[in-house]
Each structure stands twice: as C-alpha cells, then as structure tokens.
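Trainee: Could we go through this model together, and could you tell me what stands behind each term as we use it?
Mentor: Gladly, let's have a look.

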Amino acid sequence: GLEKEIFEVYGEKPIIWLKYLDMIIFCVWDAGKEKLNEFLEFMNSFHNTIKFTMDCSNERINFLDVSLYKKNGKLQTELFCKETDTHQFLHAKSCHRNSYKKSIPYGQAIRIKRKCSEEQILEKNLKDREEWLIRRGYKSDIVRSEIERVNAVDRSELLEKRTKTPDDKITLVLTYHTVLQKIFEILQK
C-alpha cells in the first residue's frame, strides 16, 4: 500500500505504525520532532490527493477510545471519552430483553478494565460508568454485580486475543406480523 511505498522512498521508519481502517494511524517516532515534521511534509507531498494531519505529544496522546501516556518511563493506558460524549447507553426501560440490558454494564466494565492499566484510574472509571448507567435506569445492584464479575477476572486474561469458533446456527429474520406469534414454538418443534 501507500505506506510501504512512503517508507521505501523516505528510508526512515517509525518504531510503531498501527492503522485503524484507512483513516487513523498511531505511530511511535524516536528520531525527534524535527524529523517527524519532515516526515509529515514528505508524506503530504507523496500523493496529490491524500493528506495527513498530526497530533503529537511527548506526554499524552488520544487514539480512538484510549489515552496513552508515559509514567515512570512506562507506557500506560486509560479510557478516553470526548467531552461531547453523553453516554447514551440503551435505557433500562427500553423494550429489549433483560439479558441484553444486563450485558451492557458487563460489557462496559470489560471495556474499561481492558483500557485502564492503572488500578486507581480503573476504579474511578468504573465508578463513573456505574453512575452513568444508574442514571440511565439500571438497577444499582445489577450494575455493581456485573462490575464485580469483571473485577474477578485478571486484566491480562481480558487482553488475550480470542478466536471465535464458527457458529453452525442458521439465522431467520422475519418482519413482525400478528399471524406469526407462534413462529418461535413452531421453529423449535
């Protein structure tokens, strides 16, 4: 692709180059700010319609929903939410199955635990999310039990890459009609 051509011609390469879709790139550069600016200039001159912009920092950078920062010479991570994020999770009074609604606090807790590398920040983020979910109508005891369920799992286990086994289920999607009220029972037979 384009990056491979750019690196071949430019000669210098970042330590890390991670691409999310075709639009967002995270890179770690160790050749200094001046060389980084030259590299950006070169990338923008390489193709007449593709242009790159850059946010850079020696201290903290936000990438998608993660904030990366250095602490004691080590890279740390935490959940990043834009200021405009209103946390509009599915409302607890919506007409969805209870299992779906119960999975939201659990899924949010997993997401936060994966993103937060420091215990204090993890606890603060989980507490904030708990409050948001309760404001969206979720029962506090259910939210707390799902968070506790996630806290019982070691973070390293949550960070392991898992491969899903193929599902042999056949999906049937029908438009709702009152005549089809017993379709579930019929299909089960």
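Mentor: Let's begin with two helices: α3 (residues 98-115) and α4 (residues 119-135) pack at an angle of about 155 degrees, with their axes 10 Å apart. This is a predicted model, where local features need pLDDT of at least 70 and side-chain atom pairs count only at pLDDT 80 or more, while totals for chains, interfaces and linings use all residues. Residues are numbered from 1 along each chain as its sequence is written, and side-chain values use heavy atoms, leaving out hydrogens and water.

Trainee: What makes α3 and α4 roughly antiparallel?

Mentor: Angles run from 0 to 180 degrees between N-to-C directions, with axes fitted to C-alpha atoms, for helices over the stretch in contact. Under 35 degrees counts as roughly parallel, over 145 as roughly antiparallel, 65 to 115 as roughly perpendicular and the rest as oblique. The angle for α3 and α4 is about 155 degrees, and therefore they are roughly antiparallel to each other. Their crossing is right-handed, a word used if the near helix is turned clockwise from the far one by less than a right angle, with left-handed for anticlockwise.

Trainee: Which residues of α3 and α4 meet?

Mentor: Contact means heavy atoms within 4.5 Å. From α3 come Ile104, Pro105, Gln108, Ala109, Arg111, Ile112 and Lys113, and from α4 Leu122, Asn125, Leu126, Arg129 and Leu133. These divide into 7 nonpolar, 2 polar and 3 charged; Ala, Val, Leu, Ile, Met, Phe, Trp, Tyr, Cys and Pro count as nonpolar, Asp, Glu, Lys and Arg as charged, and the others, Gly among them, as polar.

Trainee: Why are α4 and α5 called roughly antiparallel?

Mentor: α4 and α5 (residues 140-151) pack at about 150 degrees, with axes 10 Å apart. That angle belongs to the roughly antiparallel class, so the label applies to α4 and α5. The α4 side of the contact has Leu122, Leu126, Glu130, Leu133 and Ile134, and the α5 side has Ser140, Val143, Arg144, Ile147 and Asn151. Of these residues, 6 are nonpolar, 2 polar and 2 charged.

Trainee: How do you know whether His87 is buried or exposed?

Mentor: Buried means under 20% relative accessible area, exposed over 50%, and partly exposed in between (1.4 Å probe, protein chains only). His87 has 9% relative accessibility, so it counts as buried. His87 lies in the loop between β5 and α3, and has a positive phi of about 50 degrees although it is not a glycine.

Trainee: And what makes Asn72 exposed?

Mentor: Its relative accessible area is 77%, so Asn72 is exposed. Asn72 sits in the loop between β4 (66-71) and β5 (74-79), and its phi is near 55 degrees, a positive value in a residue other than glycine.

Trainee: Why does Pro14 count as buried?

Mentor: Pro14 has 7% relative accessibility, and therefore counts as buried. Pro14 is in the loop between α1 and β1 and touches Phe7, Cys27, Val28 and Trp29, not counting residues up to four places away in sequence.

Trainee: Which residues of α1 are buried?

Mentor: In α1 (residues 2-10), they are Glu3, Ile6 and Phe7. They cover an arc of only 95 degrees around the axis, so they are on the same side of α1; the arc is taken from the directions from the helix axis to the C-beta atoms. On the other side of α1, Lys4, Glu8 and Val9 are exposed. The buried residues of α1 pack against β1 (16-20) and α2 (33-46).

Methods: Helix = DSSP H or I, 4+ residues; strand = E, 2+ residues; numbered from the N terminus.
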